[in-house]
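Hi,

Here is the model I said I would pass on. Have a look at it first, and then read my notes below.

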Amino acid sequence: MSEKEQVVSALAAALPDLGAAEIADKIERPKDSKNGDFAFPAFFLAKTMHKAPQMIAQDIVAKIDQSGFDKVVVAGPYINFYLNKAKVGANILEKILNDPEHYGEIDLGHQANVTIDYSSPNIAKPMGMGHLRSTMIGEAIARILEKVNYNLIRVDYLGDWGTQFGKMMAAYKMWGDSQEVQDGLKNDPINTLLKLYVRINTEADEHPEYTDAGREWFAKLEHGDKEAWRLWRWFRTISLQRFQRVYDMLDVKFDSFNGEAFSAQKMDEPIQLLRDKHLLEKSRGAEIVDLDEYNLPPLLIIKSNGTTTYITRDLATALFRKRMYGHAKSLYVVGAEQEVYFKQLRMALKKMGFNWWNQITHISFGLMNLNGKKMSTRKGNVVSLEDVLNDSVDLARKQISEKNPDLKNPDEVAKQVGIGAVIFHDLKNYRRNAVNFKLEDVVKFEGETGPYVQYARARAESILRKGGIRDFSNVDLSQVGDEAWELISFLGQYSNAIKRAADNYDPSVVAKYALELAKKFNQYYAHHRILDNDAAQPARLALTQAVSDVLKSALALLDVKAPDEM
Ligand code: ARG
């Protein structure tokens, strides 16, 4: 039973007419701990009970079983509950230490399936900052939802279809044999393909036949031409290999890479459905779905030249995912600039009669701005994400070697700290806010950073190594004393933070929790000699272990590693 539940059940016994949920709803947490750990206001009962709130409060207190509390007192119209801290604290620590990996879990999802569409870069183009944000935010949300017992299906919906691939093929056929292109494809395939694409677009102004060639190649692709598909597969493979390097750095693994091309083969169904329901309207040669009733721009389904569009593929994707995974939620982690687009997608599905249209949620996020000069670029004129991550690792390595020159595995730790720093920085504020990225602010051991949290945990681990105890099963945990109460009660709020993060798809709640826990532990450490050899030492070490466990767990939810030493 949580502490709050303890209060609810004590009150419920004295107030048989009220439901537990209603009581729980009214319970407050006093700002000042002088007023107890929980408070229950009695004034809302005055009307029904025809009595002054203070009298009501007194009556209730007289009926309450106070054995589980230090005291229960009336203060004006409030009943203040003071927990038996030693007992409650020992319970929290015991729960953590017994099963650190599962601590904080709650069953909100009952194993229901959730698809999450994130990262989703476009092939033959470098992965952009927006895709990096999508990857980090999506992965954190996936992990948080798993923690509350959903079953996650991670989909990297590659942008691997569209007329641009026809152009790329035409360009490759014309210029691909040159040594420059051949070398480029070996060393930097994505930017080389991009250059080919830019070149054909620029030169098409003077050579309209290039545009025709591109159109022809795309038509070949649509009609299953062997050579076109070979090229397409090859573009896709070299792009994915490149993306995979970033995914490996971030430790992100997808269940599916079915992208737009996969859906492009399944478009008959949504188009037929739209036709059957008379939702397709002709408009200047194109076919559209009118969304005026929702104050949204119309959806372009089939262009005047007969080709389908990005949203037609997304409609097919949505139908496929629902059928394939029977999801309870279908999430799309995509930048805020596509907000209108996802509204259109939802409303189109609604018009088509799918009652699950509202399972689709667009998890939008703001831009990431790069301020630091260093962040501009090493190679091309687009910021390479690998460079961002590598620069961060380099800076982390430098700082670690100053702080801890004797570290045994500095490269491994530098990676965990450098990459963890980037991820943490991305996630610590609400996702819709823009992120300012300046390497020196990100990889810092002080302030609201990932390394600060990692360092607090490494400190806890170092204390534990010195303390030499790791088995706390026979330790009297209540001996930590009231001074540890704030820290312990905060440990007790972990699952609350997880729930809030899950409800709002908001990893920043977990990041802020981790920061606060690290801060509280550092304060405790500054004022208490954990390793002092007195009777309470084992209990203090148990507390240290619990803090370390929960910090590690919170960081893991954000996809940030927790080195034991740094
Ligand atoms: N490839 C798209 C882009 O780079 C993102 C795809 C998001 N997912 C989706 N099902 N539309 O903007």
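Before anything else, a word on terms: helices (H or I, at least four residues) and strands (E, at least two) are DSSP runs, numbered from the N terminus. You are looking at a predicted model, so local features need pLDDT of at least 70 and side-chain atom pairs count only at pLDDT 80 or more, while totals for chains, interfaces and linings use all residues. Residues are numbered from 1 along each chain as its sequence is written.

UniProt positions are given in the numbering used here, feature names are shortened, and annotations may be inferred rather than shown by experiment. The span 121-131 is 27% helix and 0% strand, and its end C-alpha atoms lie 6 Å apart.

Now the overall picture. The protein has 23 helices and 12 strands, and its C-alpha atoms fill a box of roughly 90 × 65 × 35 Å along the principal axes. Of the 566 residues, 40% are buried (20 or more other C-beta atoms within 10 Å of the residue's own; exposed is 12 or fewer, partly exposed is in between, and C-beta atoms are placed from the backbone). Taking contacts (C-beta atoms, placed from the backbone, within 7 Å) between residues at least 6 apart in sequence, 73% join residues at least 24 apart. There are two domains, domain 1 (3-83) and domain 2 (373-557), with bounds that come from an automatic or database domain assignment. Their centres, taken over C-alpha atoms, are 37 Å apart.

On to the strands. E9 (residues 329-333) has 4 of its 5 residues buried. It pairs (at least two DSSP bridges between the strands) in the parallel sense with E4 (residues 113-117) over 4 bridges, where valine 114 has lysine 329 of E9 as its bridge partner. E9 also runs parallel to E10 (residues 360-363), again with 4 bridges, and here tyrosine 332 partners histidine 362. From E9 to E10 the chain goes through helix H15 (residues 339-351), and this β-α-β crossover is right-handed (clockwise from the first strand over the helix to the second, with the strands pointing away from the viewer).

Two loop residues are worth a click. Tryptophan 161 sits in the loop between E5 (151-155) and H7 (163-175). Buried or exposed? Tryptophan 161 is buried, with 24 other C-beta atoms within 10 Å. Leaving out residues up to four places away in sequence, tryptophan 161 touches Glu260, Ala261, Ala264 and Arg313. Threonine 308, in the loop between E8 (299-302) and H14 (310-325), is buried too, with 22 other C-beta atoms within 10 Å. Its contacts beyond four places in sequence are Met267, Ile301, Ile302 and Arg313. Threonine 308 and glycine 162 are 146 residues apart in sequence but 9.0 Å apart in space, C-alpha to C-alpha.

Then there is helix H21 (residues 494-503), with Tyr494, Ala497, Ile498, Ala501 and Ala502 buried. They sit on the same side of H21, because they cover an arc of only 135 degrees around the axis (the arc is that of the directions from the helix axis to the C-beta atoms). As a reminder, an α-helix has 3.6 residues a turn, so residues three or four places apart point the same way. The buried residues of H21 pack against H6 (129-147), H20 (485-491), H22 (508-527) and H23 (537-557). After H21 comes tyrosine 505, whose phi is positive, near 45 degrees. For the "DALR anticodon binding" domain, also from an unreviewed entry, UniProt lists residues 453-566. That span is 64% helix and 0% strand.

Lastly, if you check backbone angles, asparagine 149 has a phi near 70 degrees. Asparagine 149 lies in the loop between H6 and E5 and is partly exposed, with 15 other C-beta atoms within 10 Å.

Cheers

Notes
Two residues are in contact if their C-beta atoms, placed from the backbone, lie within 7 Å.
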